[in-house]
Protein chains: 2
Amino acid sequence: MKKSDKESVREHTKETKKLSTDPYVGVRDFYPEDMAVQQYIFDTWSKTAESFGFARYDASTLEPSELYKSKGSENEELVNEQTYTFTDRGDREVTLRPEMTPSVARMVAGKRRELTFPLRWYSIPNLFRYERKQRGRVREHWQLNCDIFGTYAEAADIEIILLASSILKAFGAQDADFEIKINSRKLWNSLCSSWALIESQKKELSGLVDRKNKLEKKEFEEKAEKIFAGKETLQKFLSVMSLAPGEELPRTLTQNTEYEELMVVQSRLEALGVTNVSYDPTIMRGFDYYTGTIFELFDTDPANRRSLLGGGRYDNLTELFGGDPIPAVGFGMGDVTMRDFLETHKLLPKELQRIDLAIIPQNILFANDAEKIAQTFRAHGCSVYVSLSDKKIGDHIKAAESRHTAHILVFGEHESLSETYTLKRLSDGKETAGSLKELVSEIKS
Amino acid sequence: MKKSDKESVREHTKETKKLSTDPYVGVRDFYPEDMAVQQYIFDTWSKTAESFGFARYDASTLEPSELYKSKGSENEELVNEQTYTFTDRGDREVTLRPEMTPSVARMVAGKRRELTFPLRWYSIPNLFRYERKQRGRVREHWQLNCDIFGTYAEAADIEIILLASSILKAFGAQDADFEIKINSRKLWNSLCSSWALIESQKKELSGLVDRKNKLEKKEFEEKAEKIFAGKETLQKFLSVMSLAPGEELPRTLTQNTEYEELMVVQSRLEALGVTNVSYDPTIMRGFDYYTGTIFELFDTDPANRRSLLGGGRYDNLTELFGGDPIPAVGFGMGDVTMRDFLETHKLLPKELQRIDLAIIPQNILFANDAEKIAQTFRAHGCSVYVSLSDKKIGDHIKAAESRHTAHILVFGEHESLSETYTLKRLSDGKETAGSLKELVSEIKS
């Protein structure tokens, strides 16, 4: 074969090459069945947040990269390696938002003079991260974000945890299905001070505690030993780390009020019916910006023992934009972990997709009259489609069932002339004959 | 000043430089007031599409760039210049989706063996385009996409136009507020054949007709003259272009059935109560992929005489992915033009944000008890917040009003002891005293 022939073959192959139907790597297509689950999750999130008086907001997926780089070179590396960041043709660095908190802090700071504080705000943004694929981790996910801005009141910390708990309960979860672990950055800072740790040691120790559950006990202790100067303080630290769930922090370990404050949060939540809260000194939360109460919710099922959501108080974040700090407390929870939780505990409703009625024209000539009938049902709030195909009635019914359609109505010459119709309920075959008005009532009952 | 001092000042300035609170250029922040409008639009879109039995789907914002390049080098240029396209660290070319049709065609083709056709699908994706800012054009916008896949039936073309019209009517629009202009690619192809145009001439002419409204009459005619070989065919073309709205195409101009078919679409829509449809030979729709009926809805208000939505039949698009073609008909409509239309015709409801109740603790010590009362109201479906601040009652009420709160309830020692409460309606000051149960009924009435 001559070279030019080869090239010609290659050209031809290239031209007739079929496009792949796969989505981009690490992201998800939502076919109607999955989208119905997604919408059920989003709707339950919205409804619960709105029952607490939270108002919805949103921002663009695209943010100036500097928004994420503001906290020094360490963050700069994070932005470059773990986010989708690119330069646009106007030579601006743009990032696909990896989290919502910087965006909402930007928005709140931007209109601080016009907004009436405290604000209760929520959002359900899609977020992007560029990382290796692993179970439950995708490159694009959705996250409920709830925040209260503009108050230092402990009542806000309590309410935000109450809201997190109420959201899981709105899906039908019981207190026994999950546990709420609380800690406090102030308490942690105070403990570190009592152990005479300097800033760099504290930072290193916080990182170690954050990874505690991923390390063997021995490895964890060896690493801790390297951070502490003296045996005595190391022992104090390790005794805090070995507290059983719900066990109180010994009074000898703290001369401060931060622990008492945290216990007040716990007891007030109990008074509000949230009985699954306990102090956990290993809760650290990755982000640097937390300043007070921090918390994390975990699934109690051994099959899905994962973190469901986390959050806390961050009173300094808006300082990046100038002006006085605006105190804030909030949390975020992802769609993937939410769905895993619902599936683990069998809390997903069976019938998320439902259509009230399929009108089946006896043949295609009746399609327009069928559509007219459909409009009458729609005007009364029913969801109705006209079954369009050349198939037999049996096939129309099979298709209706696959679409979770509750009723069918066959429309032909008889129906056209008599203006009476027969509705058939697919679940049990029950038939009802009558005028359109009567059948609307039947569908709605 | 010594150089080192200068450097030190610069360093310092850099460190204390405040971050901008502006969003990325050309995109929008949605503060709660705007988000409420956005949600109202999305909810009305969803509700109407679902009343027609349409099922919601979604895909990721990120798509492989090849999805948009498939139609030759011309598209390649378009992808590179008018979209956000970048190379990821795995050396894959990624594009932020500029339209939804290629994604949905990919999804439908990918599961063609499992899906029950015909499909009625809708989605409300955010789309990105990289272009200069101009009125009504933003770099990120949202778009309702509705499509029927898997049927060549004319009834599907009719239904999709009926749905488009029903959506505008669901917002309260009347037939007189907008007009539906229809055309057909088949009819256009047939006319071009009758004028003996070859493919390249037809393409050039289609592009010219698509731009007709942006050109002066003289300029349009001069450009047309260059395309046509003979005076006679040019005159025929110009007579088609000068048809008055609703005027019939003279029988002498077409020996085919395509025009008849289009008139059937129009008359069937009229039978369904859609009276504002007319044939417009200048409707071209930019995309190459349309194959049959095409349509566009225009605002009739002189202040906002713009295209509101457009769509048509595209029967070949899934061929790119291999296998037999899957016929399709659909449309897309954007959030920006939708909002402009609603504002122009004063169709936006006044009270889109609403909270049922603000509970005002007499002082912060009553906050937790107030939250407990709030939970009771929430359990009955009310939206309630506890007013958290140290301000006077008057300020709490002002804040409640600014949040569109319907009622307030002041909670203090008296309420705590007596377990009777007083609800105040802010619109008229009406007070109702009673138990929680009685007040729930009052709020819901």
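At what angle do helix 9 and helix 10 of chain A pack, and how far apart are their axes?

**View 1. Helix 9 packs with helix 10 in chain A.** This is a predicted model; local features need pLDDT of at least 70, side-chain atom pairs count only at pLDDT 80 or more, and totals for chains, interfaces and linings use all residues. Residues are numbered from 1 along each chain as its sequence is written, and chains are lettered from A in the order in which they are written. Helix 9 (residues 217–227) and helix 10 (residues 231–241) of chain A pack at about 140°, with axes 10 Å apart. Axes are lines fitted to C-alpha atoms over the stretch in contact, and angles run from 0 to 180 degrees between N-to-C directions. Helices are DSSP runs (H or I, at least four residues), numbered from the N terminus.

**View 2. Residues at the contact of helix 9 with helix 10 in chain A.** A:E221, A:A224 and A:E225 of helix 9 meet A:L234, A:F237 and A:L238 of helix 10. Contact means C-beta atoms, placed from the backbone, within 7 Å. The contact residues divide into 4 nonpolar, no polar and 2 charged.

**View 3. The side of chain A that touches chain B.** Here 76 residues of chain A are in contact with 76 residues of chain B. Helix 13 (residues 367–379) of chain A gives the largest share of the chain A side, 6 residues.

**View 4. B:E247 in its loop.** B:E247 lies between helix 10 (231–241) and helix 11 (258–271) of chain B. B:E247 counts as exposed (12 or fewer other C-beta atoms within 10 Å), because it has 10 C-beta neighbours inside 10 Å. The C-alpha atoms of B:E247 and B:E81 are separated by 40 Å.

Terms used
Two residues are in contact if their C-beta atoms, placed from the backbone, lie within 7 Å. Helices (H or I, at least four residues) and strands (E, at least two) are DSSP runs, numbered from the N terminus. Ala, Val, Leu, Ile, Met, Phe, Trp, Tyr, Cys and Pro count as nonpolar, Asp, Glu, Lys and Arg as charged, and the others, Gly among them, as polar. A residue is buried if 20 or more other C-beta atoms lie within 10 Å of its own, exposed if 12 or fewer, and partly exposed in between; C-beta atoms are placed from the backbone.
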